[in-house]
Amino acid sequence: MHEIVIVGGGAGGLELATRLGDKLGRKKRANITLIDASPSHLWKPLLYEVAAGSLDSYAERLEYLAQGHWHHFTFRLGRMDGLDRARQEISVAPTLDDDGVEIIPRRSFHYDTLIIAVGSVGNDFGVPGVKAHCIMLDTPEQAREFHRRHINACLRANTQTASVAPGQLTVGIVGAGATGVELAAELHDTTRELSAYGMDNIDPDKSLKLLIVEASDRILPGLPPRLSAAAAERLAELGVEMHTNERIVEVRADGMLTADGKLIPASMMVWSAGIKAPDFLKDIDGLETNRINQLVVRPTLQTTRDDNIFAFGDCAACPMPDGGFVPPRAQAAHQQASMLAKSICRRFRGKPLPEYVYRDYGSLVALGRFSTVGNLMGTLTGGSIMIEGTLARLVYWSLHKMHEIALHGWFKTSLTTYAHFISTPTRARIKLH
C-alpha cells in the first residue's frame, strides 16, 4: 500500500495523522505512520500553564500509541535526522534512556508521500549565555523544569531564616510575544495561590518580581497595536515590569545585559524571543530552506524541489499573495492540516491539489486566570472586533476544545470536559511539585 509518513506529532501533525487514519488507514488504502521524538502529545499553547504550575502536563497529555490504535495509524518513537530523496527514505536517530543506554536503534522508513510537521524551537540568535542560563518553552520537559525551579525557589525563600532578599525571586522573560506575556500573567496568579496555600513568608506583591524585555517598541509586536496596549495596561495592573526597545546581547547568571550596557538583574530567566525550524532541516538533501531553517513550500504545501514531500506548520515557509509568509500560529497549522487531509485524498484520485489561503480569525492572549484580551476578525464588518474579559476567555478556552474535537470527536470531548469540571473542586489550583 501507499506509504504516508508524517514527521512531527504537534497540533497539525497529530490532527493530520488522525484524519488520514480515519479516511485512508481504516479502509486499508494507505499505511499512515506518525514519527515523533516524544511518546505523548501536549498542545503547545498550553506550555506556559505547565511552566507556571497551573496545568498538570501528565494529566493533559495524549499517548500517541493509543491515538494510533483508535484512529488506524502507526506511531513510531524517534527523532528524524536525515533524508534520502533518491531512495525515498528518512533516517531516525537512536533513542536513548536517561542514562544514555540505547533503547531503540537507528532506523530508516520508506515513504511514498512524506509530510514534515516538526514545528519550531526557540531561536537564541547566537546570544552568548542563553543556553547556559535561560530556559526555553519548546517542550513539556522544559516547561516542567522551569516549574520545578520556580517551586524550589519559593520553598527556599519561604523556609529561610532571613527575609527574602531583593531580586531573590525575580523572573526575567526575554521576548514579549504571546508566550512571554501569558507566562508573566500566569506566574502572577500561581505565586499568589502558593502564598495562600501556606507559604506565608512570601509576600507576592513584594517578594516576586516579574519583568519582560522586548527589543520592539511594544509588547506583542506581531499583533494589532490596540491589543498590545490593552495587554500592557493589564500587565501594569499586575505589577509586571516591561522593558521595551531593549535588545539583549548577553545573558549572565545574575541577569541580562542590554545593547546599551544596562544589566537587568534576574534570578530565573526564560527565553522566548523568537523561533526557528529545527537545525536538521537546513538544506536537508537539497531541499530549499530559508534563514531560519524553514522548508520553502508552494501554496499546495509541497516543497519547491520535491512534489512527494509536503511541509506545514511552523517548520514551513508558505507564501501569501501579499508577498509575505503564513505566520507561525496554531490556527495556521490547524487550517493546513485540514486542507492536507483533503489534498492527499485528491492526490490518490489523480486530481489537482488545492492551494492554501491563510485565514486570520484573530488573536487571543490570556492574561491570568480571569482576564483575556484579543481580536476576532469580523466577517460582517470587514475588519476586526476587539474583545476582552469573559467573552474573550471563553473563546480562548474554545480553541483548545476545537483541537480536542479534531482528535477525539464531539462526544468524547464533551464527556472529558464534563468530567474535568466535576473533578475541579477536588484538585489543587496549581501543581505543587
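A residue counts as buried when its relative accessible area is under 20%. F75, at 7%, is therefore buried. Keep in mind that what you're looking at is a predicted model.

**Rings**

- The count of aromatic pairs comes to one. Its partners are Y64 and F75, which are stacked, with 4.9 Å from centre to centre and 25° between the planes.
- This pair ties together distant parts of the chain: Y64 belongs to helix α4 (residues 64–71) and F75 to strand β5 (residues 74–77), 11 residues apart.
- Like F75, which is buried, Y64 is tucked away: its relative accessible area is 2%, so it's buried too.
- There's also a charge over a ring: K412 has its charged end over the ring of W70, 5.2 Å from the ring's centre.

**The nonpolar patch**

- Helices α10 (389–408) and α11 (410–423) each supply at least two residues of the patch, and α11 gives the most, with three.
- I422 sits in helix α11. Its relative accessible area is 53%, so I422 counts as exposed.

- Side chains of opposite charge can pair when their charged atoms come close.
- R85 bridges to D285, with the closest N and O atoms 4.0 Å apart. That's another link between distant parts of the chain: R85 is in the loop between β6 (79–84) and β7 (89–93), while D285 is in the loop between β21 (275–276) and β22 (295–296), 200 residues apart.
- E250 pairs with R252, and their closest N and O atoms are 3.6 Å apart. E250 is partly exposed at 28% relative accessible area, and R252 is partly exposed at 33%.
- K401 and E404 form a salt bridge whose closest N and O atoms are 2.9 Å apart. Both lie in helix α10, three residues apart, or about one turn of the helix, and both are buried.
- Finally, salt bridges with shared partners join R85, D285 and D306 into one network.

How values were computed: Residues numbered from 1 in each chain as written. Predicted model: local features only at pLDDT ≥ 70, side-chain atom pairs only at ≥ 80, totals over all residues. Heavy atoms only, no water. Phe/Tyr/Trp six-rings, centres within 6.5 Å; stacked < 30°, edge-to-face > 60°. Helix = DSSP H or I, 4+ residues; strand = E, 2+ residues; numbered from the N terminus. Buried < 20%, exposed > 50% of the residue type's maximum accessible area, 1.4 Å probe, protein only. Lys NZ or Arg CZ within 6 Å of the ring centre and 35° of its normal. Salt bridge = Lys/Arg side-chain N within 4 Å of Asp/Glu carboxyl O.
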